[in-house]
Amino acid sequence: MHDNLSILFATDFSDSSKEALKTAQLLFKEFKIDVSLVNVITEFWRYFVSSGLYEKEALQRLQTWYQQVNPEANTQSNLSVQVSNAAETILRHVEAVQPDLILLGGESARSKDRFVTGTTA
């Protein structure tokens, strides 16, 4: 294994997010990864999810994804579900975590000519 690689993975649990998850899994095979996962609920849906049920479900999904990326980890403290503006939340996490790599998974137009891997910044 090589040096630690810090990754911030922002996901909306879409198909392209699942492809980005595969990228994170491949990176784990080559590097020791410190991964932080974040799911952002946009302001538009704030009142719809005010019961807290969505946040609980999203946190459980993040825990499952975290285990898939780093099955050797015994802590899952780098998981976050927030109601906010997605771009602003991701930037706040970038400042706090200072990752080497940002993986973004979100719905986007797909091309049948190209393998979808998720967005990588």
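Mentor: Gln98 sits in the loop between α3 (86-97) and β4 (101-105), where helices (H or I, at least four residues) and strands (E, at least two) are DSSP runs numbered from the N terminus. The model is predicted, so local features need pLDDT of at least 70 and side-chain atom pairs count only at pLDDT 80 or more, while totals for chains, interfaces and linings use all residues. Residues are numbered from 1 along each chain as its sequence is written, and side-chain values use heavy atoms, with hydrogens and water left out.

Gln98 follows α3, and its phi is positive, near 50°. Most residues other than glycine have a negative phi, and Gln98 is a residue other than glycine with a positive value. With a relative accessible area of 62%, Gln98 is exposed; in these terms, exposed means over 50% relative accessible area, buried under 20%, and partly exposed in between, with a 1.4 Å probe and protein chains only.

The twelve residues of α3 should span 16 Å at 1.5 Å a residue, and the end C-alpha atoms are 16 Å apart, which agrees; the expected span is 1.5 Å times one less than the number of residues. The buried residues of α3 are Thr89, Ile90 and His93. Seen down the axis of α3, these buried residues fall within an arc of 100°, so they line one face of the helix, the arc being that of the directions from the helix axis to the C-beta atoms. What covers them includes β1, β2 (32-41), β3 (79-83) and β4, with contact meaning heavy atoms within 4.5 Å. On the other side of α3, Leu91 and Glu95 are exposed.

Phe13 lies in the loop between β1 (4-11) and α1 (15-30), and at 7% relative accessibility Phe13 counts as buried, whereas Gln98 is exposed.
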